Amino acid sequence: MKKQIKFLIIGLFMFFGFNITVKADTPTLTYSTHVQDIGWMNEVTSKDISGTTGQSKRMEAIKINLNNNGYEGTLTYQVHVQNIGWMDSVTAGNIAGTTGRSLRLEAIRINLTGELAEHYDIYYKVHAQNYGWLGWARNGEEAGTAGFALRLEAIQIILVEKGAPAPGNVMNHYYEKPIEVLYNTHVQNIGWTNYTYNGATSGTTGRSLRMEAINIAYNSPRYSGDIVYQTHIQNLGWSTWSRNGAMSGTTGMSLRLEAIKIILEGEVANHYDVYYRTHVQDIGWTKWVKNGEISGTTGQSRRLEAIEIKMIEKGGEAPVTESNFVWYYDGGTKVLINTVSGEIGRNVKKIIDVSEHNGIIDWDHVKRSADIDGVILRAGFGSNANQVDGQLDYNMQALERLGIPYGVYWFSYAETKDEAIDEANLLKKVLTDHNVHPTLGVFYDIEGWSLKYNGVEVANSNGITKETYDEMINAFKNNLTGYNVGVYTGVNYAYTRLSEGIRSNINWIAQYNSTCEYQGTYDIWQYTSDGRLPGISTRVDLNVKFR
């Protein structure tokens, strides 16, 4: 009877034209990495870790094997290597990277081909120097970093069926350093200046010193090509074109540069425009020009005194003239002036404040080119434990490594004394758990706020009275004994929402104006939120610290 049923079922499938398919063998992965001081490590299987963590050892090469593949297709992978960049792609079973050359892997792409790619996704994540484990990349996406000189230390790889959920967080799997233009100038009585970057000033202003020569280059982890430039020289006219760090101009001849043209060539020119402006004798800063236009003068015997250069993605916003605030040195004394209102302060400090909204900051670049004296970091906001600023650890560790002083601030969403105490206790825990050393102080950020849920406002700060603010601020300060605690707020908020007693606690005041009109005492004035500094891709708050 069982035989008859079996043949009946087969017959029905044949009669109705049903196709019986046999699932292909499930492919499996094994992989091994070549690690500094260790060599080739033992093979591991899917989702296991290959490499090391906590030992500061670079991955130098990788080999991935694809086994039991029942589908047509294979696996390919490509690595970004120190001093080399992206190497050619290799197929399963081959080595990607180098051995015996002490070169670190910095990033990787892994992909599937053919029928295999129709049935599976490949996920992979890496442990990168200074970042730790990044998110999961998929199907040819980059994982790791490029342009930061950071090593890969470990990797995990896994195959999942097409469309199945990712094995974990897929955010932030790759960080690439933005393109960087670098330049230095030879200046009368000074000689060659240090290299500066991405829009920072090279040369001098207000000292009547001529620029005599310039070198310009660019770094990009992605695009090849040349930066090419030509200068107009006193008594000589236009020079021949120089490129990629070669000198244009003269030294030892006391001849001024009078004008300059800069262009991009090759692949980089398809993706970027080069903008530049010059500071000209008796004229000051000229408007920004780009891609071979003349900046400066010819036939007027006017010297170039300084230059700023930026590379901006095609279609990006053109640079604009900065505000009227100018930092400079009078001898060894740091001075801030406003060209409209006059001198702001002498022997003062340039401070910036940042949060996760400023993205991944290249702090080495900031220290090298931005001439800052300190940073105030957002530690977090509100009273929930998951509201610690997402970049606090990264920013803090970089600043400590570079020896840049910093403080922290906490954005308040409290409406009562008890909620302020909760915020203080959470900040205290953050300071302890994250080993924070806020030498510039701790600040309670008091300003207007609103909270929305599905686009509907559910709470705001409008109903908080002066008396409640008194209780909140005093409670916050009293629960952070051992720290130098102050208050941050805006001028208008101080006068309209805070009591006279609390105004005496304000250490950090904000007003975006040519002068600060606040009549109380304060140590720090936040004078703009529209600052632009090398190493920071977003606009940033700028402050002057008087004491």
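At 60% relative accessibility, tyrosine 453 counts as exposed, a label for residues over 50% relative accessible area, whereas buried means under 20% and partly exposed covers what lies in between (1.4 Å probe, protein chains only). Tyrosine 453 is found in strand β39, residues 450-453; helices (H or I, at least four residues) and strands (E, at least two) are DSSP runs, numbered from the N terminus. Together with Leu451 and Val458, Tyr453 makes up a nonpolar patch on the surface, with about 330 Å² of accessible area between the three. Patches take residues with over 30% relative accessible area and no salt bridge, joining like charges within 9 Å and nonpolar side chains (Val, Leu, Ile, Met, Phe, Trp, Tyr) within 5 Å.

A word on the model itself. It is predicted, so local features need pLDDT of at least 70 and side-chain atom pairs count only at pLDDT 80 or more, while totals for chains, interfaces and linings use all residues. Residues are numbered from 1 along each chain as its sequence is written, and side-chain values use heavy atoms, with hydrogens and water left out.

Now for the chain as a whole. Its C-alpha trace spans about 105 × 75 × 50 Å along the principal axes, and it has eight helices and 44 strands. Of the 547 residues, 52% are buried. The accessible surface comes to about 25700 Å², and carbon and sulfur atoms own 46% of that; accessible areas come from the Shrake-Rupley method with a 1.4 Å probe, and for residues only the protein chains shown count as cover. Among contacts (heavy atoms within 4.5 Å) with a separation of 6 or more, 60% are between residues 24 or more positions apart.

Charge comes next. The chain carries 49 positive and 58 negative side chains, and the centres of the two sets lie 3 Å apart. Here Lys and Arg count as positive and Asp and Glu as negative, with His and the chain ends not counted; each charge is placed at NZ of Lys, CZ of Arg, CG of Asp or CD of Glu. On the surface, Glu415, Asp418, Glu419 and Asp422 gather in a patch of negative charge. Aspartate 422 sits in helix α5, residues 417-433, and is partly exposed, with a relative accessible area of 40%.

Side chains of opposite charge can pair when their charged atoms come close. A search of the whole structure turns up 29 salt bridges, each being a side-chain nitrogen of Lys or Arg within 4 Å of a carboxyl oxygen of Asp or Glu. One of them joins glutamate 142 to arginine 109 (3.1 Å, N to O). Glutamate 142 lies in the loop between β13 (137-138) and β14 (143-146) and arginine 109 in strand β10 (residues 105-112), so this pair ties together parts that are 33 residues apart in sequence. Both glutamate 142 and arginine 109 are buried, and they belong to a network of salt bridges that links Arg109, Glu142, Glu176 and Arg222.

Another salt bridge brings together glutamate 308 and arginine 277 (2.8 Å, N to O). Because glutamate 308 lies in strand β31 (residues 304-313) and arginine 277 in strand β27 (residues 272-280), the pair ties together parts that are 31 residues apart in sequence. Both glutamate 308 and arginine 277 are buried as well. In a further case, the closest N and O atoms of aspartate 389 and arginine 378 are 2.8 Å apart. Aspartate 389 is in the loop between β36 (374-381) and α4 (392-402), and arginine 378 is in strand β36, eleven residues apart. Aspartate 389 is buried at 4% relative accessible area, and arginine 378 is buried at 9%.

Helix α4 deserves a look too. Its buried residues are Leu392, Tyr394, Asn395, Met396, Ala398, Leu399 and Leu402, and their cover includes β35 (349-354), α3 (363-369), β36, β37 (406-411) and α5. Just after α4, glycine 403 takes a positive phi of about 70 degrees.

Tryptophan 525, in strand β43 (residues 524-531), is buried, with a relative accessible area of 1%. Leaving aside residues up to four places away in sequence, its contacts include Phe325, Ile344, Cys516, Leu542 and Phe546. Tryptophan 525 and tryptophan 508 are 17 residues apart in sequence and 5.9 Å apart in space, C-alpha to C-alpha. Glutamate 153, in strand β15 (residues 152-161), is buried at 5% relative accessible area. With residues up to four places away in sequence again not counted, glutamate 153 touches Ser50, Gly51, Thr52, Ser56, Lys57, Met59, His127 and Gln129.
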